[in-house]
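Thank you all for coming; I would like to walk you through one structure today, taking a few places in turn.

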Amino acid sequence: MAETEVNTVFLQQLMELGISEDKAKEALVKTGNQSSDSAAMFYFSELEVAAQVAHAALGLYQMMMEESDKWQTTLRIWDDDGGKKIVLKGMNTGHLLELQDLACRQKLPNYLVQDAGRTQIAAGSRT
């Protein structure tokens, strides 16, 4: 790939999501260097994004079941109300951690996926 100048802030944000520098640069170039969001969506297929959301929903449910004494009433109400989910988008790992901290301080059940690295996302990346 020919060396094309990319936005360094966008590049850093993509790399914090576990995307290699070369792949992040390629995604930025292919999406016209518009934003880290556009480049991330180019890099991660819609199916990968859906898989990460599913991992988070399942992980949260499993965590709440393991701590059932603490979450029993919340789980029952959630289930009776149709099992609604809220998915937040973080700009980078630091932002995801800030969102998780905010949820914890509000005593909201939450789950942050730490990827196993079996697909496009680097092992240990938080999504």
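Let me start with a definition: two rings of Phe, Tyr or Trp, with the six-membered ring used for Trp, count as a pair if their centres lie within 6.5 Å. Please keep in mind throughout that what you see is a predicted model.

How many aromatic pairs does a search of the whole structure find? The search gives 1 aromatic pair, and its partners are Tyr-61 and Trp-78, whose rings are 6.0 Å apart from centre to centre, with 45 degrees between their planes, an arrangement that is classed as tilted. Since Tyr-61 belongs to helix α4, residues 46-66, and Trp-78 to helix α5, residues 68-80, the pair ties together parts that are 17 residues apart in sequence.

I turn now to the packing of two helices. Helix α1, residues 8-16, packs with helix α3, residues 36-43, at an angle of about 40 degrees, and their axes are 9 Å apart. On the α1 side the contact is made by Phe-10, Gln-13 and Leu-14, and on the α3 side by Ser-36, Ala-39 and Ala-40. Sorted by class, this contact has 4 nonpolar and 2 polar residues, and no charged residues.

Next comes a residue in the segment after α6 (93-105), namely Asn-110. Is Asn-110 buried or exposed? Its relative accessibility is 19%, so Asn-110 counts as buried, the limit for that class being under 20%. Leaving aside residues up to four places away in sequence, Asn-110 touches Leu-60, Met-63, Gln-100, Ala-103 and Cys-104. The C-alpha atom of Asn-110 is also separated by 8.4 Å from that of Ala-56, although these two residues are 54 residues apart along the chain.

Finally, a word on the backbone. Most residues other than glycine have a negative phi. Asn-33, in the loop between α2 (21-30) and α3, has a positive phi, near 55 degrees, and is partly exposed, with a relative accessible area of 28%. Lys-107, found in the segment after α6, likewise has a positive phi, near 60 degrees, and is exposed, with a relative accessible area of 68%.

Terms used. Residues are numbered from 1 along each chain as its sequence is written. This is a predicted model: local features need pLDDT of at least 70, side-chain atom pairs count only at pLDDT 80 or more; totals for chains, interfaces and linings use all residues. Side-chain values use heavy atoms; hydrogens and water are left out. Axes are lines fitted to C-alpha atoms, for helices over the stretch in contact, and angles run from 0 to 180 degrees between N-to-C directions. Helices (H or I, at least four residues) and strands (E, at least two) are DSSP runs, numbered from the N terminus. Contact means heavy atoms within 4.5 Å. Ala, Val, Leu, Ile, Met, Phe, Trp, Tyr, Cys and Pro count as nonpolar, Asp, Glu, Lys and Arg as charged, and the others, Gly among them, as polar. Rings of Phe, Tyr and Trp (its six-membered ring) pair if their centres lie within 6.5 Å; planes under 30 degrees apart count as stacked, over 60 as edge-to-face and the rest as tilted. Buried means under 20% relative accessible area, exposed over 50%, partly exposed in between (1.4 Å probe, protein chains only).
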